[in-house]
Amino acid sequence: MTDRRSARISSRKQPKQARSTELVAAILDAAIQVLAKEGAQRFTTARVAEKAGVSIGSLYQYFPNKAAILFRLQSDEWRQTTDLLRGILEDVQRPPLERLRALVHTFLRSECDEAAMRVALNDAAPLYRDAPEAREVKTSGARIVQVFMQEALPEASETTRALAGELITTTLSQVGKQFSETPRSSAEIEAYAGAMADMFCAYLQRLGRG
């Protein structure tokens, strides 16, 4: 069952030449625009092909159906989120709490900037939430947070660090999603991110004091 599902949502083939790479990029860019405007329920390969200015046959060379396109968009979003985590939390030139503050601000801005697409992707999540790529990204993100917590709470127990990491990442993800579903000004984003960062930092400082 898992293999058949993977076959339906995987790309048909990978572009090898520059022209093919440009075609796939155009399809994905068009898919983002269609998804943000129409939502997951009205998202179709025909709309994407029309927006990209390519034939439906050309689209099907790389993506066999709309699930494959949505899965690719979600996979790219997963990678971007993981790269964001890694780039900020692994910057050992900055103190841990400063990194955490930067993460909260950057994450919330990103959620708000791409809210329409992410809400639509969330609607389509049942298509691929159990895919191997999803588990791999979750594991990778957990490792990044685990290493960060070891730096931020060197004297705490492993159980305490694990709980703190899960609480922060879950809260940031869920609250970020809910917060971004309403259009926000830059000032609102900064104020909300600052308050959330204060809360997280105070929590880690208290844990650090034992």
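Author: Here is how the labels follow from their definitions. This is a predicted model, where local features need pLDDT of at least 70, side-chain atom pairs count only at pLDDT 80 or more, and totals for chains, interfaces and linings use all residues. Residues are numbered from 1 along each chain as its sequence is written, and side-chain values use heavy atoms, with hydrogens and water left out.

Reader: Why is Glu111 called buried?

Author: Buried means under 20% relative accessible area, exposed means over 50%, and partly exposed is in between (1.4 Å probe, protein chains only). Glu111 comes in at 8%, so buried is the word for it. Glu111 belongs to helix H6, residues 96-113. Over the chain's 210 residues, 40% are buried.

Reader: Which residues does Glu111 touch?

Author: Leaving out residues up to four places away in sequence, Glu111 touches Arg118, Gly176, Lys177 and Ser180. A contact means heavy atoms within 4.5 Å.

Reader: How do you know that Arg101 and Asp198 form a salt bridge?

Author: The rule asks for a side-chain nitrogen of Lys or Arg within 4 Å of a carboxyl oxygen of Asp or Glu. For Arg101 and Asp198 the N to O distance is 2.6 Å, and the pair is a salt bridge. Arg101 sits in helix H6 and Asp198 in helix H10 (residues 186-208), so the bridge ties together parts 97 residues apart in sequence. Arg101 has 33% relative accessibility, which means it is partly exposed; Asp198, at 41%, is partly exposed too.

Reader: What makes Glu190 and Arg109 a salt bridge?

Author: Their N to O distance is 3.0 Å, and that pair counts as a salt bridge. This one links distant parts of the chain as well, with Glu190 in helix H10 and Arg109 in helix H6, 81 residues apart. Glu190 has 36% relative accessible area and therefore counts as partly exposed, and Arg109 gets that label at 35%.

Reader: How many salt bridges are there by this rule?

Author: The count comes to nine. Another one joins Glu181 and Lys177, with the closest N and O atoms 2.8 Å apart. Salt bridges that share partners also join Arg72, Asp76 and Arg79 into one network.

Reader: How do you find the largest pocket, and how much space lies in it?

Author: On a 1 Å grid over the protein atoms alone, a pocket is an open set of points where a 1.4 Å probe fits, with protein on both sides within 12 Å along at least five of seven lines; lining residues have an atom within 4 Å of a point. The largest pocket holds about 1,500 Å³, and 38 residues line it, with Trp78, Thr81, Lys138, Thr169 and Ser173 nearest its centre.

Reader: Which element gives the most to that lining?

Author: That's H9, with twelve residues.

Key. Helix = DSSP H or I, 4+ residues; strand = E, 2+ residues; numbered from the N terminus. Points joined across faces, edges and corners; volume = space filled by probe spheres on them.
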